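Here are a few exercises to work through with the viewer open. Try each task yourself before reading its solution.

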Amino acid sequence: MKATGIVRRIDDLGRVVIPKEIRRTMRIREGDPLEIFTDKDGEVIFKKYSPIGELGEFASTYAETLSKTVGVPVCITDKDNIIAVSGAPKKELSEKPISSDLEKIMQEKTTFVAKPNENKKVPLIEGMDKYVAGVVVPIIAEGDPIGSVVILNPEDGTPPGETEAKVAQSAAGFLGKQMES
(Lines give C-alpha, C1' and ligand atoms only; values in the text may rest on other atoms or scores of the structure.)
Protein backbone atom coordinates (compact mmCIF):
# COMPACT_ATOMS: atom_id res chain seq x y z
CA MET A 1 0.00 0.00 0.00
CA LYS A 2 1.29 3.45 -0.95
CA ALA A 3 0.89 6.48 1.35
CA THR A 4 -0.47 9.62 -0.32
CA GLY A 5 0.34 12.07 2.46
CA ILE A 6 -3.27 13.28 2.40
CA VAL A 7 -5.15 13.33 5.69
CA ARG A 8 -8.91 13.80 5.99
CA ARG A 9 -11.14 14.04 9.07
CA ILE A 10 -14.40 12.18 9.51
CA ASP A 11 -17.38 14.55 9.84
CA ASP A 12 -20.19 14.21 12.40
CA LEU A 13 -22.15 11.92 10.01
CA GLY A 14 -19.17 9.55 9.59
CA ARG A 15 -18.28 10.75 6.09
CA VAL A 16 -14.81 11.11 4.60
CA VAL A 17 -14.10 13.09 1.44
CA ILE A 18 -11.92 11.32 -1.09
CA PRO A 19 -9.76 14.04 -2.69
CA LYS A 20 -10.49 14.98 -6.30
CA GLU A 21 -6.97 14.04 -7.44
CA ILE A 22 -7.40 10.50 -6.12
CA ARG A 23 -10.92 10.18 -7.58
CA ARG A 24 -9.62 11.31 -10.98
CA THR A 25 -6.57 9.02 -10.89
CA MET A 26 -8.59 6.01 -9.73
CA ARG A 27 -11.52 6.83 -12.08
CA ILE A 28 -13.99 7.04 -9.21
CA ARG A 29 -17.14 8.86 -10.25
CA GLU A 30 -20.12 10.13 -8.28
CA GLY A 31 -22.39 7.20 -7.53
CA ASP A 32 -19.69 4.53 -8.02
CA PRO A 33 -19.92 1.74 -5.44
CA LEU A 34 -16.91 1.26 -3.17
CA GLU A 35 -16.23 -1.93 -1.24
CA ILE A 36 -14.84 -1.49 2.27
CA PHE A 37 -12.19 -3.80 3.72
CA THR A 38 -10.76 -3.77 7.24
CA ASP A 39 -8.06 -5.71 9.03
CA LYS A 40 -7.10 -6.35 12.63
CA ASP A 41 -4.41 -3.62 12.51
CA GLY A 42 -7.08 -0.93 12.06
CA GLU A 43 -6.61 -0.38 8.34
CA VAL A 44 -9.66 0.60 6.32
CA ILE A 45 -9.35 0.15 2.57
CA PHE A 46 -11.81 1.40 -0.05
CA LYS A 47 -11.79 -0.51 -3.32
CA LYS A 48 -13.86 0.21 -6.40
CA TYR A 49 -16.54 -2.44 -6.58
CA SER A 50 -17.00 -4.13 -9.95
CA PRO A 51 -20.18 -6.21 -10.08
CA ILE A 52 -19.11 -7.85 -13.33
CA GLY A 53 -15.67 -8.53 -11.84
CA GLU A 54 -17.47 -10.90 -9.46
CA LEU A 55 -18.02 -13.21 -12.45
CA GLY A 56 -14.24 -13.71 -12.77
CA GLU A 57 -13.73 -17.30 -13.92
CA PHE A 58 -17.16 -17.44 -15.58
CA ALA A 59 -16.35 -14.33 -17.65
CA SER A 60 -13.05 -15.89 -18.77
CA THR A 61 -14.76 -19.10 -19.85
CA TYR A 62 -17.48 -17.14 -21.60
CA ALA A 63 -14.92 -14.98 -23.46
CA GLU A 64 -13.12 -18.15 -24.55
CA THR A 65 -16.34 -19.65 -25.93
CA LEU A 66 -17.20 -16.43 -27.77
CA SER A 67 -13.70 -16.19 -29.26
CA LYS A 68 -13.89 -19.77 -30.55
CA THR A 69 -17.34 -19.09 -32.01
CA VAL A 70 -16.40 -15.94 -33.95
CA GLY A 71 -12.74 -16.83 -34.58
CA VAL A 72 -11.30 -13.52 -33.35
CA PRO A 73 -10.14 -12.18 -29.96
CA VAL A 74 -12.84 -11.25 -27.43
CA CYS A 75 -12.63 -9.21 -24.23
CA ILE A 76 -15.11 -8.62 -21.45
CA THR A 77 -14.68 -5.40 -19.48
CA ASP A 78 -16.16 -3.76 -16.44
CA LYS A 79 -16.56 0.05 -16.43
CA ASP A 80 -12.82 0.60 -16.06
CA ASN A 81 -10.72 -2.48 -16.81
CA ILE A 82 -10.50 -5.55 -18.99
CA ILE A 83 -11.57 -8.50 -16.84
CA ALA A 84 -11.49 -11.40 -19.33
CA VAL A 85 -9.53 -12.03 -22.54
CA SER A 86 -9.50 -14.83 -25.07
CA GLY A 87 -7.70 -15.08 -28.40
CA ALA A 88 -5.19 -12.34 -27.49
CA PRO A 89 -2.28 -12.22 -25.01
CA LYS A 90 -3.78 -12.16 -21.51
CA LYS A 91 -0.60 -10.68 -20.00
CA GLU A 92 -0.81 -7.75 -22.39
CA LEU A 93 -4.50 -6.99 -21.80
CA SER A 94 -5.86 -8.45 -18.54
CA GLU A 95 -6.68 -5.89 -15.86
CA LYS A 96 -5.55 -2.99 -18.07
CA PRO A 97 -7.65 0.20 -18.03
CA ILE A 98 -9.96 0.60 -21.03
CA SER A 99 -9.78 3.53 -23.44
CA SER A 100 -11.91 6.65 -23.03
CA ASP A 101 -13.61 5.84 -26.38
CA LEU A 102 -14.71 2.47 -25.06
CA GLU A 103 -15.85 4.05 -21.80
CA LYS A 104 -17.92 6.60 -23.74
CA ILE A 105 -19.69 3.88 -25.78
CA MET A 106 -20.65 2.16 -22.52
CA GLN A 107 -21.90 5.36 -20.88
CA GLU A 108 -24.04 6.15 -23.94
CA LYS A 109 -25.45 2.58 -23.87
CA THR A 110 -24.91 2.29 -27.62
CA THR A 111 -23.61 -0.56 -29.73
CA PHE A 112 -20.58 0.16 -31.88
CA VAL A 113 -19.88 -1.86 -35.02
CA ALA A 114 -16.90 -0.88 -37.19
CA LYS A 115 -17.83 -0.25 -40.81
CA PRO A 116 -15.69 -1.01 -43.88
CA ASN A 117 -13.66 2.00 -45.11
CA GLU A 118 -14.53 3.98 -41.97
CA ASN A 119 -11.75 5.82 -40.17
CA LYS A 120 -13.34 5.68 -36.71
CA LYS A 121 -11.24 3.38 -34.57
CA VAL A 122 -12.01 2.43 -31.00
CA PRO A 123 -8.81 1.32 -29.26
CA LEU A 124 -9.23 -1.20 -26.46
CA ILE A 125 -6.52 0.49 -24.39
CA GLU A 126 -5.68 4.20 -24.55
CA GLY A 127 -2.79 4.88 -26.92
CA MET A 128 -2.45 1.25 -28.07
CA ASP A 129 -3.58 0.84 -31.68
CA LYS A 130 -2.59 -2.81 -31.77
CA TYR A 131 -6.00 -3.88 -30.39
CA VAL A 132 -8.98 -2.15 -31.98
CA ALA A 133 -12.64 -2.93 -31.31
CA GLY A 134 -14.71 -4.28 -34.17
CA VAL A 135 -17.84 -4.59 -32.03
CA VAL A 136 -18.60 -3.09 -28.62
CA VAL A 137 -21.85 -3.90 -26.81
CA PRO A 138 -22.45 -2.50 -23.32
CA ILE A 139 -23.52 -4.91 -20.60
CA ILE A 140 -26.59 -3.36 -18.96
CA ALA A 141 -27.87 -4.47 -15.55
CA GLU A 142 -30.86 -2.78 -13.93
CA GLY A 143 -30.62 0.03 -16.49
CA ASP A 144 -26.97 0.89 -15.83
CA PRO A 145 -23.93 0.05 -17.95
CA ILE A 146 -21.62 -2.18 -15.90
CA GLY A 147 -19.22 -3.37 -18.59
CA SER A 148 -18.97 -4.43 -22.22
CA VAL A 149 -18.39 -7.30 -24.58
CA VAL A 150 -15.73 -6.35 -27.12
CA ILE A 151 -14.98 -8.32 -30.27
CA LEU A 152 -11.64 -7.16 -31.63
CA ASN A 153 -10.86 -6.61 -35.29
CA PRO A 154 -8.86 -9.50 -36.73
CA GLU A 155 -5.22 -8.83 -37.59
CA ASP A 156 -6.03 -8.59 -41.32
CA GLY A 157 -8.24 -5.58 -40.49
CA THR A 158 -11.45 -6.96 -41.98
CA PRO A 159 -14.42 -5.40 -40.22
CA PRO A 160 -16.86 -7.59 -38.33
CA GLY A 161 -20.08 -8.77 -39.88
CA GLU A 162 -23.63 -9.00 -38.64
CA THR A 163 -22.90 -12.39 -37.03
CA GLU A 164 -20.24 -10.94 -34.74
CA ALA A 165 -22.54 -8.08 -33.74
CA LYS A 166 -25.40 -10.49 -32.91
CA VAL A 167 -23.07 -12.76 -30.92
CA ALA A 168 -21.79 -9.80 -28.88
CA GLN A 169 -25.35 -8.51 -28.28
CA SER A 170 -26.47 -11.94 -27.08
CA ALA A 171 -23.45 -12.24 -24.80
CA ALA A 172 -23.94 -8.76 -23.30
CA GLY A 173 -27.63 -9.44 -22.75
CA PHE A 174 -26.88 -12.75 -21.06
CA LEU A 175 -24.20 -11.27 -18.79
CA GLY A 176 -26.50 -8.38 -17.86
CA LYS A 177 -29.25 -10.85 -16.85
CA GLN A 178 -26.71 -12.88 -14.84
CA MET A 179 -25.84 -9.76 -12.84
CA GLU A 180 -29.50 -8.99 -12.12
CA SER A 181 -30.28 -12.42 -10.69
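A residue is called buried when its relative accessible area is under 20%, exposed when it is over 50%, and partly exposed in between. Keep in mind that this is a predicted model.

**Exercise 1. Sorting a helix residue**

Task: Find Glu92 and decide how it is classed by its relative accessibility.

Solution. Step one is to locate the residue: Glu92 belongs to helix α3. Step two is to read its accessibility, which comes to 24%. That value falls between the 20% and 50% cut-offs, so Glu92 is classed as partly exposed. Step three is to look at its surroundings. Setting aside residues up to four places away in sequence, Glu92 touches Ile125, Met128, Lys130 and Tyr131.

**Exercise 2. The overall picture**

Task: Work out how many helices and strands the protein has, and in what order its elements run.

Solution. Start with the count: there are five helices and eight strands. Next, follow the chain from the N terminus, where the elements read α-β-β-α-β-β-α-α-β-β-β-β-α. For dimensions, the C-alpha trace spans about 55 × 35 × 30 Å along its principal axes. Of the 181 residues, 36% are buried. Finally, consider the contacts between residues at least 6 apart in sequence: 50% of them join residues at least 24 apart.

**Exercise 3. Buried or exposed?**

Task: Compare Ser86, Ile105 and Thr38: is each one buried or exposed?

Solution. Begin with Ser86, which lies in strand β4, residues 82-86. Its relative accessible area is 7%, so Ser86 is buried. Beyond its sequence neighbours up to four places away, Ser86 touches Ala63, Glu64, Ser67, Pro73 and Val74.

Move on to Ile105, in helix α4. Ile105 has a relative accessibility of 7% and therefore counts as buried. Leaving out neighbours within four places in sequence, the contacts of Ile105 are Thr110, Phe112, Val122, Val136 and Pro138. For a sense of distance, Ile105 and Thr69 are 36 residues apart in sequence, with their C-alpha atoms 24 Å apart in space.

End with Thr38 in strand β1, residues 34-38. With 63% relative accessibility, Thr38 counts as exposed. Thr38 is in contact with Glu43 and Val44, again leaving aside neighbours within four places in sequence. Thr38 and Thr25 are 13 residues apart in sequence and 23 Å apart from C-alpha to C-alpha.

**Exercise 4. Positive phi angles**

Task: Look at the backbone of Glu95 and Glu142: what is the phi of each, and in which loop is each found?

Solution. Take Glu95 to begin with. Its phi is positive, about 65°, although Glu95 is not a glycine. Glu95 is found in the loop between α3 (90-93) and α4 (100-108). A relative accessible area of 69% makes Glu95 exposed.

The loop holding Glu142 runs between β7 (128-141) and β8 (144-152). Its relative accessible area is 64%, so Glu142 is exposed.

Notes. Residues numbered from 1 in each chain as written. Predicted model: local features only at pLDDT ≥ 70, side-chain atom pairs only at ≥ 80, totals over all residues. Heavy atoms only, no water. Helix = DSSP H or I, 4+ residues; strand = E, 2+ residues; numbered from the N terminus. Buried < 20%, exposed > 50% of the residue type's maximum accessible area, 1.4 Å probe, protein only. Contact = heavy atoms within 4.5 Å.
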